[in-house]
Amino acid sequence: MVLFSGFAFGQEATKLEGEFKIGPAIILIILLLTFILVGVFNRAKDTKTYWAAGRKISPVGAGMAIASNWMSAASFLGMAAVMYGAGYHGLAYVVGWTGGYVLLLILMAGQIRRYGKYTAADFIGDRYYSQGLRGFGAGLAIFISFSYCVGQFAGIGLMFKWILGIDFAWAVIIGASVVLAYTLISGMLGVTKNMQIQYVIIIISFIIPLFILSYKFGYFYWLPQVGYGSVISDIVNGIAPGAGISAMGHDFAILPSPEFAMPWDPATGQTAFQWLAICFSLMIGTAGLPHVIQRFYVVPRAKDARWSVVWGLFFICILYWSAPVYSAFGKVLSSNPEVGKLAKDAIVVYTAQLGDLYPLVIGFLAAGAVSAAFSTVSGLLVAGASAFSHDLYYNVINPEASEKTQMMMARLGTILMAAGVAIIALLNLGLIAQLVAVAFSLAGCTIFPLFLLGIWWSGSNRTGAWAGLIAGSSVTLVALVYFIAGKFGVTLPFQEFINYYLNAWYFAWLGAPLAIIANIIGSKLSKNKTPIEIKKFLAEKVHNA
């Protein structure tokens, strides 16, 4: 998985190439047709529906959509992959991403909904009374959505190839066409309804193989998320032959591997500082991602926004709790030298295949991975298109635009976004896909401080916001330059130092605090204080004072 390309496995990986499979292909085609039909039956007739699903989604439904939107191909395929490769260190991603939603629940969800806008840039522009900041926020939303979307197509291409036997180009064309079709018709309403269906598919397809694997190899199968602790113990102590046979005819056995469960073991090449920095950066980065924030606008009330996060956390935790089970079984099933290390990009599917599960079960699992990628791509398309049509066109370029013109621009923005993503994905520019690693820290250094201070400190003003953005963007720029230089094999001064302390995954540990401090200092020193009507609105409407 491109999201975790920074982890090396140290030897050539085994890949189980795909070919056309009739059963899984039928499942996949039925799912794709279902997504389109859901869009057709939930047409968007006005901008409120296209951008915010008419603000009529229930807390449970919004929670399912939050979980589905969040559980991208990276979560579905990559979460187990990073723990398979890095063992304990991989838990930093689970803790960081989950912690981001806890931050949202505690600090922002209800307040964001009470503020009553449509997008993250909409809030920034209004709260800091600045069209420039609104435009900057829209640009950030488009960049993050774009790079994140391109990364998702790696997962779609992988699963389409495994199920249908087609190449990456056709996978991109088919996948982009299906997502564009239902997003264009129904906007956020159809996207949200589809996310609810996709969540059910994702979680059922992900969990069923775990019960079968646990039962087949003699572990506690009533709750594999608990029983897999015994698998970890067996990996640490070693498993003697005789516990079962895998799909490739090898014993379910492994030599003692204590490093798999050791915190920050040198074998992973990671340190305690990196573990903590990743956790922190992913937490605030998740809480600052535009397409995550935008989901709080689809519910009727602030109370519903908070409950939607609670439900979302519950639904997300089911998958995150299950992902380590795949990494543990994958570790054992690939331990035989003749199998070798598994390719990290689809460890979930490879593990099920090595476990010799029924082909339709594996096919359904692969279809679940496609659903995970589709749910995230559609949410990103709406977020990016909204930034273009609502924040840039309607609020900056043409505030007098009619409802009909706004709808036309919303759909044009969706088409441009989808076409741009598909073209970049087809060009297979690995660098663009890898920029998603920067997205979390970028959001943590820029958008998160603006929301945190914008909601909780009325003294934060336009000057402070610009000062914070410049500080956060400066740290981002340094990290980005060194990240790109490293990808092209260029060595800059202090390359090793910057790579370690300002890594693309976690430079927000420094950038976010600097941005907050700069915002506070800038606001204090500025003579242009926050307008009294904004302070009054924050006190009376946002905080119910």
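## Charges over aromatic rings

Arg127 lies over the face of Tyr128, at 4.9 Å from the ring centre, in what is a predicted model.

## Salt bridges

Side chains of opposite charge can pair when their charged atoms come close. The count of salt bridges in this model comes to 3. One of them joins Arg134 to Asp122, with the closest N and O atoms 2.8 Å apart; this pair links distant parts of the chain, since Arg134 belongs to helix α7 (residues 131-164) and Asp122 to helix α6 (residues 120-127), 12 residues apart. Arg134 and Asp122 are both buried.

Asp126 forms a salt bridge with Lys117, and here the closest N and O atoms are 3.5 Å apart. Asp126 has a relative accessibility of 29% and therefore counts as partly exposed, while Lys117, with a relative accessible area of 21%, is partly exposed as well. Asp304 pairs with Arg301 in a salt bridge whose closest N and O atoms are 3.0 Å apart, and Asp304 counts as buried because its relative accessibility is 5%, where the limit for buried is under 20%.

## Aromatic pairs around Phe273

A pair of aromatic rings is described by the distance of the centres and the angle of the planes. The count for this model comes to 30 aromatic pairs. In the pair of Phe273 and Tyr501 the ring centres are 5.4 Å apart and the planes stand at 55°, so the pair is tilted. Phe273 lies in helix α10 (residues 272-286) and Tyr501 in helix α20 (residues 495-501), so this contact ties together parts that are 228 residues apart in sequence. Phe273 is partly exposed at 25% relative accessibility, and Tyr501 is partly exposed with a relative accessible area of 33%.

Phe273 also pairs with Tyr506, and because the ring centres are 5.9 Å apart with the planes at 85°, this pair is edge-to-face. Tyr506 is placed in the loop between α20 and α21 (508-525), so its pairing with Phe273 of helix α10 ties together parts that are 233 residues apart in sequence. Tyr506 is buried, with a relative accessible area of 2%. Ring pairs link Phe273, Tyr501 and Tyr506 into a cluster that also includes Phe497, Tyr500 and Trp509.

## A nonpolar surface patch

Val60, Trp307, Val310, Trp311 and Phe314 make a nonpolar surface patch of about 450 Å². Helix α12 (residues 302-333) gives the most to this patch, contributing 4 residues. Val310 is found in helix α12 and is partly exposed, with a relative accessible area of 32%.

## Cysteines

How many disulfides does a search of the whole structure find? The search finds 0 disulfides. Cys279 is accordingly in no disulfide, and the nearest cysteine sulfur, which belongs to Cys317, is 14 Å away, whereas a disulfide would need the two sulfur atoms within 2.5 Å. Cys279 is buried, with a relative accessible area of 5%, and Cys149 is buried with a relative accessible area of 0%.

Ala479 is found in helix α19 (residues 462-487), and at 3% relative accessibility Ala479 counts as buried. The C-alpha atoms of Ala479 and Pro241 are separated by 48 Å, the two residues being 238 residues apart along the chain.

Definitions and conventions. Residues numbered from 1 in each chain as written. Predicted model: local features only at pLDDT ≥ 70, side-chain atom pairs only at ≥ 80, totals over all residues. Heavy atoms only, no water. Buried < 20%, exposed > 50% of the residue type's maximum accessible area, 1.4 Å probe, protein only. Patch = residues over 30% accessible without salt bridge, like charges linked within 9 Å, V, L, I, M, F, W, Y side chains within 5 Å. Areas by Shrake-Rupley, 256 points an atom, 1.4 Å probe, with all protein chains shown as cover. Salt bridge = Lys/Arg side-chain N within 4 Å of Asp/Glu carboxyl O. Helix = DSSP H or I, 4+ residues; strand = E, 2+ residues; numbered from the N terminus. Phe/Tyr/Trp six-rings, centres within 6.5 Å; stacked < 30°, edge-to-face > 60°. Lys NZ or Arg CZ within 6 Å of the ring centre and 35° of its normal.
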